[in-house]
Amino acid sequence: MARLPSASAPDGLAADAGHPAREAGSWQQLARLIRLPNLLIMALCLLLVRACLLLPGAPWRQIVAPQFGILVLAALCIGAAGYIINDYYDVKIDAINRPGRLVIGRSVNRRHAMLGHLLLSGIGIVVSGLLSPWLGLVNLGSAVLLWGYSVRFKRVALVGNFSIAILTAALVLLPELQVRTGQRMVWGYALAAFLLTMVREIVKDVEDMRGDAQHDCRTLPIVWGVPRTKWVAGFFVVCLALLVGGAAYRVIVDQQWLLGAWLVVLVLAPLLWLAYHLHRADRRRHFAGLSAGCKWIMLAGVLSMVWV
């Protein structure tokens with residue numbers, strides 16, 4: 001993510017220009033706080049689920065209907081609120097694990113951050129509730145689960161990992177909950193998202209052990225140790241590889257060559273790479289690389305919907 005520009009200009013220069021560097025830096029910090037790239041991937045996922053899995057061949061006017069735009073807005077508000085509240089409660093831990101990426105307490109006042117969280121959560125719940133009470137209830141549950149994760153769940157072995165994995169799978173299912181097509185393939189993608197998120201969250205726990213341990217967190221690597229934790233993460237990698245391998249075999253048998261090649265080359269092969277390097281990882285930088293690899297695999301999985 002972008003860093004603040006260095007303050008190398010002579011004193012008073014920025015002031016004469018209306019603090020352009022400071023204003024640009026503020027926007028960069030805000031984008032970092034709400035994880036703008038992650039929100040864009042969320043929006044892309046929702047769009048591809050609707051366009052490629054649920055309404056294939058439908059005109060774009062139907063795909064990007066106002067009701068769907070409201071659903072996307074609600075989901076992104078809930079997601080952004082979740083990132084804010086997570087950083088709000090993680091200031092001390094992040095000061096150890098990611099000191100260069102702190103936003104709350106440096107660029108954003110803690111009170112303003114909490115207000116932003118409440119406002120975004122409220123918008124997400126209300127606008128989705130206007131679409132249907134069921135969607136409003138789902139987003140209410142998501143907001144509550146994100147708050148619980150930030151306050152307590154992520155400090156308990158596997159509970160926090162499971163919470164985020166469930167929320168990721170729920171995101172994939174949101175368009176289906178809105179249009180109710182009965183398409184089963186979307187459930188396969190939701191399961192894949194759940195499994196990969198479990199892997200990434202466990203890997204991130206290993207990466208963040210130092211800060212977590214100093215603040216009495218009981219994450220999986222702290223409770224079980226790194227070797228056993230790697231075996232748990234490996235179990236979810238194997239489950240996901242079997243799921244992707246089975247899907248690839250099925251679409252190749254059905255002569256969907258592009259989708260089959262995409263799944264094998266850009267999803268299954270990177271998963272095997274992930275399993276290999278997970279087995280060999282023993283440094284913080286190794287687990288940071290594995291976490292980044294999970295994000296690229298997830299993006300490739302999302303984009304595979306184009307070929308369905």
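A residue counts as buried here when its relative accessible area is under 20%, as exposed when that figure is over 50%, and as partly exposed in between. The model is predicted. By the cut-off for burial, Arg155 is buried, because its relative accessible area is 14%. Of the 308 residues of the protein, 45% count as buried.

The overall build can be stated briefly. The protein has 15 helices and 0 strands. Its C-alpha trace spans about 65 × 50 × 35 Å along the principal axes. A compact globule with 308 residues would have a radius of gyration near 19 Å, and the protein, at 21 Å, agrees with that.

Side chains of opposite charge can pair when their charged atoms come close. The count comes to 6 salt bridges in this model. In one of them, the side chains of Asp90 and Arg155 meet at 3.6 Å, N to O. Asp90 lies in the loop between α5 (66-89) and α6 (91-97), while Arg155 lies in the loop between α8 (133-151) and α9, so this bridge ties together parts that are 65 residues apart in sequence. Asp90 is buried as well, with a relative accessible area of 9%. Lys154 joins Asp90 and Arg155 in a network of salt bridges.

Another bridge is formed by Arg284 and Asp208, at 3.9 Å from N to O. Here Arg284 belongs to helix α15 (residues 284-303) and Asp208 to the loop between α10 and α11 (209-214); the pair therefore ties together parts that are 76 residues apart in sequence. Asp208 is buried at 10% relative accessible area, whereas Arg284 is partly exposed at 37%.

Glu201 is buried, with a relative accessible area of 7%.

Tyr88 is buried at 17% relative accessible area, but Tyr89, at 32%, counts as partly exposed. The rings of Phe162 and Phe194 also form an edge-to-face pair, because their planes are at 80 degrees and their centres 5.6 Å apart. Since Phe162 lies in helix α9 (residues 159-179) and Phe194 in helix α10 (residues 185-207), the pair ties together parts that are 32 residues apart in sequence. Phe194 is buried, with a relative accessible area of 15%, whereas Phe162 counts as partly exposed at 43%.

Arg110 lies over the face of the Tyr88 ring, at 4.2 Å from the ring centre.

Ile252, Trp257, Val264, Val265 and Leu266 make a nonpolar patch of about 440 Å². Helix α14 (residues 257-280) gives the largest share of this patch, 4 residues. Val265 has its place in helix α14. At 54% relative accessibility, Val265 counts as exposed, because the cut-off for that class is over 50%.

Note on methods: Residues numbered from 1 in each chain as written. Predicted model: local features only at pLDDT ≥ 70, side-chain atom pairs only at ≥ 80, totals over all residues. Heavy atoms only, no water. Buried < 20%, exposed > 50% of the residue type's maximum accessible area, 1.4 Å probe, protein only. Phe/Tyr/Trp six-rings, centres within 6.5 Å; stacked < 30°, edge-to-face > 60°. Helix = DSSP H or I, 4+ residues; strand = E, 2+ residues; numbered from the N terminus. Lys NZ or Arg CZ within 6 Å of the ring centre and 35° of its normal. Patch = residues over 30% accessible without salt bridge, like charges linked within 9 Å, V, L, I, M, F, W, Y side chains within 5 Å. Areas by Shrake-Rupley, 256 points an atom, 1.4 Å probe, with all protein chains shown as cover. Salt bridge = Lys/Arg side-chain N within 4 Å of Asp/Glu carboxyl O. Rg over C-alpha atoms; globule rule 2.2 N^0.38 Å.
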